Amino acid sequence: MYPATRPDRQPSPWWYYGRALYVSRRDYFKIYCVLMATLGIPMVFVALKFNLKFVKIAALGAGTVSLFYLGYSLIVGMYRMYGHPGKRYIHQLLQESETTEATVVADVHIGTYRHSYILADLLPGAVIHSVDCWGVPGEPHEIAIRDVRDLECAPTHHPRIHPAQTDTYTLPLPDESCDVVVLGFGTHEIPDDGPLERIFTEARRVLKPGGKALMFEHGVDFHNVIIFGPVISHVIPRYEWSEKFLAHFCDIGYARAPQAVDLFWGTRGETVGSTSQALPQEENRRTARVFVVIGAFTLISLGVVAYLPEKLLVNIYLGIAIMGVAWPWLMIGIAILGDRSTRTKVAAPPADESHGT
């Protein structure tokens, strides 16, 4: 149902934004069904059946909080990560790690070439070895990974992006051949029972002495819980990424991008384990912000219920239910339209006059 890419054309940021929504559609629908089954339908039924004002307020509060959560995820969170603003955190990572002059880059991913295009744009003199490192036999356990890999094919038109594939998580690059190795979104999907350690070892192997390993990943925090919901729980916490970098590199640094993205970098040196600044530590998850949001929307609902006639209130309940299931698909449609409206035609290669063609 979502248009796949072509090897001779670069997808637009609109396409990547829409794909992020599309591969998350099952998670959005599961969350919707759970909320409707546990809160929406029971609360509305009790509120209207017994004409309980408090339950009416609570039902409307739950609905508005859910729509706020959904809107933040669809419009603010996902677009900032995968749409046009998504280029900014990669630019920040290059700036923070002082790798803006790199000429040979290995982009290690699990089937999306988005980062390779951005790196080629930000590093106009660099060759990008775009390495798909997914090596698990058969179909991926997580359906979203399968969707990502099925929808985007390796590019053949870009002169500085060289697609490649790992063999048992071994990078197909010579020793000490890269200025930078980039690990992006999806690194947490690599099995942590050997393959992930192998990728970090390989990153150190292919880096030149003094070369940099960079990473941008999702964090387990308030913003990402709002954006991704409970599925964010399978992401590796940032303090564990710190430990992995400390085990393989030196002069480790960390920064937090405004798009709710964790940024890490480290240098290949003779020793490992040194830091250039404070790194994230293990911490308890904070839930205070969640309760503040719920409380604020409950107060708003109190005012709404107090002045709205019951007939209109029923329509609002129905509208919330419809919007909850339709909103993701509406944004996917907008992304497809945005992609088609900004898509550039593929230019034919120039004729080689020296060979009479």
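User: What share of the contacts in the chain with a separation of 6 or more comes from residues 24 or more positions apart?

Analyst: It's 77% in this model, which is a predicted one. The chain itself has 357 residues, 49% of them buried, and runs through eleven helices and seven strands. Its C-alpha atoms fill a box of roughly 80 × 55 × 35 Å along the principal axes.

User: What makes Cys-33 count as partly exposed?

Analyst: Its relative accessible area is 34%. Buried needs under 20% and exposed needs over 50%, so 34% puts Cys-33 in between.

User: And Cys-178, is that one buried or exposed, and how do you know?

Analyst: Buried: Cys-178 has 0% relative accessibility, and the cut-off is under 20%.

User: How do you know that Cys-178 is in no disulfide?

Analyst: Look at the sulfurs. The nearest cysteine sulfur to that of Cys-178 belongs to Cys-133, 14 Å away. A disulfide needs the pair within 2.5 Å, so Cys-178 has no partner. Searching the whole structure also turns up zero disulfides.

User: Glu-217 is buried, but why is it said to have no salt bridge?

Analyst: The nearest side chain of opposite charge is Arg-256, at 9.6 Å.

User: Why is His-248 called buried?

Analyst: Its relative accessible area is 7%, and anything under 20% counts as buried. His-248 lies in helix α9 (residues 238-248). Its side chain makes a polar contact with that of Glu-197, at 2.8 Å.

User: How far apart are His-248 and Phe-200, in sequence and in space?

Analyst: They're 48 residues apart in sequence, and their C-alpha atoms are 7.1 Å apart. His-248 is in contact with Phe-200, and also with Glu-197, Thr-201, Arg-204 and Val-272, leaving aside neighbours within four places.

User: Which residues have the most contacts inside the largest nonpolar core?

Analyst: Leu-21, Met-78, Tyr-89, Val-105, Phe-216, Val-261 and Leu-263, in a core of 70 residues. Helix α3 (residues 53-82) gives the most to this core, twelve residues. There's also a second, separate core of 31 residues, with Val-131, Trp-134, Tyr-169 and Ala-203 among them. As background, nonpolar side chains in soluble globular proteins tend to be buried together.

User: What is Phe-216 in contact with, neighbours within four places aside?

Analyst: Its contacts include Tyr-89, Ile-90, Leu-93, Val-182, Val-261 and Leu-263. Tyr-89, Ile-90 and Leu-93 are also among the buried residues of helix α4 (residues 86-96).

User: And which elements do the buried residues of α4 pack against?

Analyst: They pack against α3, α5 (114-122), β5, β6 (250-257) and β7 (261-267). The buried set of α4 also has Gly-86, Gln-92 and Leu-94 in it. Just after that helix, Glu-98 takes a positive phi of about 60°.

Note on methods. Residues numbered from 1 in each chain as written. Heavy atoms only, no water. Core = buried A, V, L, I, M, F, W, Y, C linked by side-chain atoms within 4.5 Å. Buried < 20%, exposed > 50% of the residue type's maximum accessible area, 1.4 Å probe, protein only. Helix = DSSP H or I, 4+ residues; strand = E, 2+ residues; numbered from the N terminus. Contact = heavy atoms within 4.5 Å. Lys, Arg positive; Asp, Glu negative; His and termini not counted. Salt bridge = Lys/Arg side-chain N within 4 Å of Asp/Glu carboxyl O. Polar contact = N/O pair within 3.5 Å; in protein donor to acceptor, adjacent residues only side chain to side chain.
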